[in-house]
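Trainee: I'd like to learn how to read a new structure. Could you walk me through one?

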Amino acid sequence: MPRIKQNYAVYSAQDLKRITDQKRVGIYNQEELGKRLNMSQQSLSIKLRNGKFTMKELQKLFQTLDFSDEEILKVMKTY
């Protein structure tokens, strides 16, 4: 049976983007969310795509969108 190298960083970035998109629907668009996180919409979009947030940015994102403990754990499994 072949062994598969799992790419946890990619899966984590996808989880973060999916959960963030679900949480912000109807509340914030990307531009408004970027302003709340003190970054441009373009920067937020790139960071959501590749998952390269600093810990302070993640904390602010989690607080802004009211992430549950389970959602935070799912995103943080590779950080």
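Mentor: Let's go through this chain feature by feature. Keep in mind that this is a predicted model.

Trainee: Let's begin with the overall make-up. How many helices and strands does the chain have?

Mentor: Start by counting the elements, then read their order. Here there are 5 helices and 0 strands, and along the sequence the pattern reads α-α-α-α-α.

Trainee: And what share of the residues counts as buried?

Mentor: Of the 79 residues in the chain, 34% are counted as buried. Among contacts with a separation of 6 or more, 61% join residues 24 or more positions apart.

Trainee: What should I know about a nonpolar core?

Mentor: The general idea comes first: in soluble globular proteins, nonpolar side chains tend to be buried together. In this chain, the largest nonpolar core has 15 residues, and Leu16, Leu33 and Leu44 have the most contacts inside it. Helix H1 (8-24), H3 and H4 each supply at least two residues of this core. H4 gives the most, with 3 residues.

Trainee: Which residues does leucine 16 contact, leaving aside its neighbours within four places in sequence?

Mentor: Leucine 16 is in contact with Leu48, Phe53, Leu58, Leu61, Phe62 and Val75.

Trainee: Now a pair of helices. At what angle do the axes of H4 and H5 cross?

Mentor: For any pair, look at the distance between the axes, then the angle. Helix H4 covers residues 55-64 and helix H5 covers residues 69-76; their axes come within 12 Å and cross at roughly 150 degrees. Angles over 145 degrees count as roughly antiparallel, so H4 and H5 are roughly antiparallel to each other.

Trainee: Is the crossing of H4 and H5 left-handed or right-handed?

Mentor: H4 passes H5 in a right-handed crossing.

Trainee: Which residues meet there?

Mentor: From H4 you have Met55, Leu58 and Phe62, and from H5 they meet Ile72, Val75 and Met76. Sorting the residues of this contact gives 6 nonpolar, no polar and no charged.

Trainee: What about asparagine 38?

Mentor: Asparagine 38 is not a glycine, yet has a positive phi of about 60 degrees. Look for it in the loop between helix H2 (30-36) and helix H3 (41-50). Asparagine 38 is exposed, with a relative accessible area of 64%.

Trainee: Next, charged residues. Is lysine 47 buried or exposed?

Mentor: For this you check the relative accessibility, where under 20% means buried. Lysine 47 lies in helix H3 and has 19% relative accessibility, so it counts as buried. Not counting residues up to four places away in sequence, lysine 47 touches Met39, Lys52, Phe53 and Glu57.

Trainee: And aspartate 15, buried or exposed?

Mentor: Aspartate 15, in helix H1, counts as buried at 11% relative accessibility. If you skip residues up to four places away in sequence, aspartate 15 touches Lys74 and Lys77.

Trainee: How do I find places where separate parts of the chain meet?

Mentor: Compare the spacing along the chain with the distance between C-alpha atoms. Glutamine 41, in helix H3, is 10 residues from glutamate 31 along the chain, and their C-alpha atoms are separated by 4.7 Å. Leaving aside neighbours within four places in sequence, glutamine 41 is in contact with Gln30 and Glu31. At a relative accessible area of 28%, glutamine 41 is partly exposed.

Trainee: Which residues does threonine 64 touch, not counting those up to four places away in sequence?

Mentor: Threonine 64, found in helix H4, touches Tyr28, Leu33, Arg36 and Leu37.

Definitions and conventions. Residues are numbered from 1 along each chain as its sequence is written. This is a predicted model: local features need pLDDT of at least 70, side-chain atom pairs count only at pLDDT 80 or more; totals for chains, interfaces and linings use all residues. Side-chain values use heavy atoms; hydrogens and water are left out. Axes are lines fitted to C-alpha atoms, for helices over the stretch in contact, and angles run from 0 to 180 degrees between N-to-C directions. Helices (H or I, at least four residues) and strands (E, at least two) are DSSP runs, numbered from the N terminus. Angles under 35 degrees count as roughly parallel, over 145 as roughly antiparallel, 65 to 115 as roughly perpendicular and the rest as oblique. A crossing is left-handed if the near helix is turned anticlockwise from the far one by less than a right angle, and right-handed if clockwise. Contact means heavy atoms within 4.5 Å. Ala, Val, Leu, Ile, Met, Phe, Trp, Tyr, Cys and Pro count as nonpolar, Asp, Glu, Lys and Arg as charged, and the others, Gly among them, as polar. Buried means under 20% relative accessible area, exposed over 50%, partly exposed in between (1.4 Å probe, protein chains only). A nonpolar core is a set of buried Ala, Val, Leu, Ile, Met, Phe, Trp, Tyr and Cys residues joined through side-chain atoms within 4.5 Å.
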